[in-house]
Amino acid sequence: MLDPKFEQFVDAVSKRYLQELQFAEIRRAVQALSQWYVQKRADLTPDKVFTGRGKRAAFAAYYAPLHYLLVRMIVEQLQTPAFKSLVELGCGTGLAGCAWIERSKAAAKITGYDIHPAAIAEAEWTYKTLGIYGRAQQRDMLQISFAGHDAILAAFCINELSDSAREKLLAALLKTQAQILIVEPIAKSTAPWWSIWEAAFLNAGGRSDTWRFRPILPEFLAKMDKAAKLDHREIKGRSLYLKG
Ligand SMILES: C[S@@+](CC[C@H](N)C(=O)[O-])C[C@H]1O[C@@H](n2cnc3c(N)ncnc32)[C@H](O)[C@@H]1O
């Protein structure tokens with residue numbers, strides 16, 4: 001069943017952007033980002049996602065809700081335990097973290113970090129609109145202290161780092177006692193870093209999974225899917241998880 005709170009959120013975010021953009025403009029941006037995702041993911045820098053109202057709208061009203069659905073289904077399948085304080089790395093619009101916090105209900109809080117200022121404003125709006133106790137801050141994920149946090153999420157952002165940054169981040173993550181969830185798309189071409197991270201997580205007692213779900217899509221996502229000739233009746237992804 002579709003979560004009514006999430007359905008209302010997608011309705012609110014799409015209406016917000018539709019006040020200033022035509023549906024067709026957002027659709028074109030969805031298709032442009034889809035090209036980047038499929039063909040040139042390695043070049044998908046934050047500026048390419050967040051520069052321009054159309055792309056921002058496509059990300060906030062379409063891609064981020066798809067990420068929410070994937071993360072929510074993954075954490076349900078993994079039966080992740082409740083936590084008090086979640087750090088979301090590369091939070092973008094903050095929605096993926098909100099999917100995980102649903103398992104911890106009211107007591108938990110989120111701190112979202114992103115390097116792009118547009119992402120921070122959008123994440124603050126997401127937390128407020130969903131009634132989640134969250135704050136977003138503009139900071140490079142390599143500059144973050146994990147002390148005092150018992151859950152760490154990195155959804156669709158590790159691929160954007162350089163090899164050396166990824167190496168430093170992995171070492172820092174493995175030193176924490178927090179539960180850690182990494183979510184990425186199923187890559188068509190091999191991402192060498194994934195096998196390194198996968199081996200490190202398995203070695204630390206974690207797990208690696210690939211997922212395929214058939215979610216009920218909120219109306220705006222289904223309409224956009226059809227208009228953009230994309231197909232998210234099935235959504236796929238892969239994850240690494242450490243229980244901490
Ligand atoms: C594809 S978006 C994913 C956003 C969000 N996690 C989601 O699943 O919807 C990747 C995000 O990572 C952020 N990012 C990239 N490199 C970063 C870094 N070094 N530190 C913090 N954020 C970063 C980008 O600005 C962007 O918002």
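Which of the 21 residues around the ligand come nearest? I looked that up before anything else, keeping in mind that this is a predicted model. His67, Gly90, Asp114, Met141 and Ala155 are the ones.

Next I went after the nitrogen atoms of the ligand. I found a polar side-chain atom of Glu88 at 3.3 Å from a ligand nitrogen. The side chain of Asp140 also has an N or O atom 3.3 Å from a nitrogen of the ligand. With Ile115 it's the backbone that supplies the polar atom, again 3.3 Å from a ligand nitrogen.

**Ligand, cover.** On its own the ligand has 590 Å² of accessible area, and the protein covers 98% of that. I checked which elements give two or more residues to the shell, and they are α3 (46-50) and α4 (53-78). Sorting the shell residues by type, I got twelve nonpolar, four polar and five charged.

**Ser14.** I then moved to helix α1 (residues 4-18), where Ser14 sits. Is Ser14 buried or exposed? Its relative accessible area is 4%, so I noted Ser14 as buried, the cut-off being under 20%. Leaving out residues up to four places away in sequence, Ser14 touches Ala61 and Phe220.

**Helix α6.** My last stop was α6 (residues 117-130), for a length check. Just after the helix comes Gly131, with a positive phi of about 70 degrees.

Technical notes
Residues are numbered from 1 along each chain as its sequence is written. This is a predicted model: local features need pLDDT of at least 70, side-chain atom pairs count only at pLDDT 80 or more; totals for chains, interfaces and linings use all residues. Side-chain values use heavy atoms; hydrogens and water are left out. Helices (H or I, at least four residues) and strands (E, at least two) are DSSP runs, numbered from the N terminus. Buried means under 20% relative accessible area, exposed over 50%, partly exposed in between (1.4 Å probe, protein chains only). Contact means heavy atoms within 4.5 Å. The expected span of a helix is 1.5 Å times one less than its number of residues. A residue is near a molecule or strand if one of its heavy atoms lies within 4 Å of it. A polar contact is a pair of N or O atoms within 3.5 Å; within protein, one must be able to donate a hydrogen and the other to accept it, and residues adjacent in sequence count only if both atoms are side-chain atoms. Accessible areas come from the Shrake-Rupley method with a 1.4 Å probe; for residues, only the protein chains shown count as cover. Ala, Val, Leu, Ile, Met, Phe, Trp, Tyr, Cys and Pro count as nonpolar, Asp, Glu, Lys and Arg as charged, and the others, Gly among them, as polar.
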